[in-house]
Amino acid sequence: MGRYFRRKLLIYILTFFIAVTLDWCIPRFMPGNPIDILISRAGLRGSAVQTMYDYYTGVFGLDLPIWQQYLNFWGALFKGDLGISIYLFPTPVTEVIMKAVPYDLALLIPSILLSWIVGNNFGAFAARSKRLDNTLLPFSYILSATPYMWLGIVLAWAFCIVFRIFPLAGGYSFAMRPNLSFAFIWSLISHWVLPFLSLFIVQVGGWAIGMRNMIIYELESDYSHYLKALGAPNNLIRRYAFNNALLPQITGLALKLGEVVAGALATEVVFAYPGIGYLILQAIHNEDYFLLQGCFLFIIVGVLAANFLIDIVYLLVDPRMRAGMQGETA
Amino acid sequence: MTEQKKKNEILFFALRNYKLRMGVSVLLFFILLTFFGPLMTPYEPDEFVTSGAFPPSSQFWLGTTTFGEDVFTQVVYGLRATFIVGIVGGGIGMLIGLIVGFIAGYWGGVVDEILNMFTNIILVIPTLAVLLIIAAYLKVRGVFVESLFIGFTCWPWVARAVRAQTFSLRSRDFVDMARISGVNPMKIIFSEIAPNMMSYLLLVFILQFGGAILTAATLDFIGLGPTNTISLGVMMNMAVLWSALILGSWWWFIPPGLVITALVGALYITNVGLDEVFNPKLREM
């Protein structure tokens, strides 16, 4: 168990290191110069260009040797300093992102957990029943092939424009200021329903398929055959199969996180939902590279943290891991 | 003789499998549309053919955008970009994954430890976040560059799968036999191990193909897609950006997403069908 944790931790630390390095490298080694962009935005002329160029180079520390820049980047990072947002000048990037994070969590956590539970149960139910397998499973495959944002667009069009049940854009009504009234909370909820649904529906398909395949695999294994030979009722065999199939699905949860986060980003763009995805869109349109890089780091840290959490859950759930036997290595 | 018999058997199950038939038919339809679609339309994807958004009609099969571009033309040309991303992006991912997976699985030991750790690291980093930040710094983006980057980030899945398969095959007798007779490792991998997992590799490639298409669609939709051509994701991006939702021009945003869903869904269903054909255990139901 100690070995398992050490390996995992090592991987997460290395991943974080590589992510930060990437975040630092990309703006410096990509074609094009962010400072030129800043200057062209200011619309300067003549000698002012050179003055501003020198000024910015100094401010961002780009005149330092490259290793010094790299170390400074890490230093600033540990102080929680990700720079100043250009789009929401002069708010620090960290503050901008912090305001967006609750919206992301409100979408991601319920959609991931609920879809996992519903999908797994549905998949287990459909496995090996010929009619369900041949009708609902192709449907699940189509669901999991649906781009998140397109489902979002379709839902938005159907429920906001055609039926006018839910509001189209924003995290809460534009006519309100955040407060603790019932009306405001209702507004929050009604803006949340559709982005949540589009994430939920696509994920359910994936989990159902995964579970169905796992159950079929488990029902073919020796212990199932043995139970059947002993004359155990079908329900009992299925329950054992379900428990065994759940473990890989927990691992699958960790592996799918990146994809779900990507889906959430795109869904937020559809609904102008004020999470990180929407921030990224604004950052791209306003060429706000500090904000973009901040969002990148934040997503990575979030995904790593979630992965670690899932590892702990896995440890708690899998009896083999609890007993200190070698489970799935890293 | 037995080889011939086995082939016939696979063909027999392939033709009988309705999932496979369905998936392949849809795929064929889209492939034909990609090749012959541009011949069926008199317009160019960025040509302003009328003034404003009109619903589908006999002249404009799928209607027109707010700018007066023909949606059908855009879908057909966008499909081309989609296939390029799938083949190039999925292909590169497949290639890198194969190399990493074979090396890690065949040599094992320290090489495997290092490669496996590297694979796991790339696997944890959300692909889209990396692609976002790379694409944002590129002023001019083409479909090929996009596919290249997608390929470079989507290989860990393949590497894991190939590694596991190689691992289980490398201790089989026939591989040991080859090793003892002094066949060089490259030859063992390509003539002893790889042929035994061909069917598996085909399945993996199909999933890679679909995955690359979905990733590209998301990237395009966020506004970091190709700047010089149309793609299905870019169409959806434009539709949302220019308020197709509020204006109710459903014919602008429904078709591109529907095409992606149908295409990737068909890939997945083909995958299941093939799996059933190759794997007798799944067949007997």
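A residue counts as buried when its relative accessible area is under 20%. Ser140(A), at 3%, is therefore buried. The model is predicted. This briefing covers chain B, its interface with chain A, and several individual residues.

**Chain B overall**

- Chain B has 14 helices and zero strands. Along the sequence, its pattern is α-α-α-α-α-α-α-α-α-α-α-α-α-α.
- Its C-alpha atoms fill a box of roughly 75 × 45 × 30 Å along the principal axes.
- Chain B has 285 residues, and 54% of them are buried.
- Take the contacts in chain B between residues at least 6 apart in sequence: 72% of these join residues at least 24 apart.
- The chain carries 17 positive and 17 negative side chains. The centres of these two sets lie 9 Å apart.

**Where chain B meets chain A**

- On the chain B side, 51 residues are in contact with 60 residues of chain A.
- The size of an interface is often given as the accessible area lost when the parts come together.
- Here, the area buried between chain B and chain A is about 5,100 Å². Carbon and sulfur atoms give 78% of it.
- One salt bridge is counted between the two chains. It joins the side chains of Glu113(B) and Arg7(A), at 3.5 Å from N to O.

**Helix H6 of chain B**

- Helix H6 of chain B spans residues 143-153. Its buried residues are Val143(B), Glu146(B), Ser147(B), Ile150(B), Gly151(B) and Thr153(B).
- An α-helix has 3.6 residues a turn, so residues three or four places apart point the same way.

**Buried residues in detail**

- Ser140(A) sits in helix H6 of chain A, residues 130-144. Beyond its neighbours within four places in sequence, Ser140(A) is in contact with Phe122(A), Gly205(A), Ala208(A) and Ile209(A).
- Arg212(A) belongs to helix H8 of chain A, residues 182-219. Its relative accessible area is 6%, so Arg212(A) is buried.
- Setting aside neighbours within four places in sequence, Arg212(A) is in contact with residues of chain A and of chain B. In chain A these are Gly123(A), Ala127(A), Asp133(A) and Leu137(A). In chain B they are Lys19(B) and Glu276(B).
- Tyr268(B) is part of helix H13 of chain B, residues 250-278. Tyr268(B) counts as buried because its relative accessibility is 14%.
- Tyr268(B) also has contacts in both chains, leaving aside neighbours within four places in sequence. Its partners are Tyr141(A), Ser144(A), Ala145(A), Leu207(B) and Leu214(B).
- Tyr268(B) and Leu131(B) are 137 residues apart along the chain, and their C-alpha atoms are separated by 24 Å.

**Positive phi in two loops**

- Most residues other than glycine have a negative phi.
- Arg164(A) is not a glycine, yet its phi is positive, at about 55°. Arg164(A) is in the loop between helix H7 (148-162) and H8 of chain A. With 67% relative accessibility, Arg164(A) is exposed.
- Ser243(B) also has a positive phi, near 55°. Its loop runs between helix H11 (232-241) and helix H12 (244-247) of chain B. Ser243(B) is partly exposed, at 33% relative accessible area.

How values were computed
Residues are numbered from 1 along each chain as its sequence is written. Chains are lettered from A and ligands numbered from 1 in the order in which they are written. This is a predicted model: local features need pLDDT of at least 70, side-chain atom pairs count only at pLDDT 80 or more; totals for chains, interfaces and linings use all residues. Side-chain values use heavy atoms; hydrogens and water are left out. Helices (H or I, at least four residues) and strands (E, at least two) are DSSP runs, numbered from the N terminus. Buried means under 20% relative accessible area, exposed over 50%, partly exposed in between (1.4 Å probe, protein chains only). Contact means heavy atoms within 4.5 Å. Lys and Arg count as positive and Asp and Glu as negative; His and the chain ends are not counted. The place of a charge is taken as NZ of Lys, CZ of Arg, CG of Asp or CD of Glu. Buried area is the accessible area (1.4 Å probe) that two parts lose on being put together, summed over both. A salt bridge is a side-chain nitrogen of Lys or Arg within 4 Å of a carboxyl oxygen of Asp or Glu.
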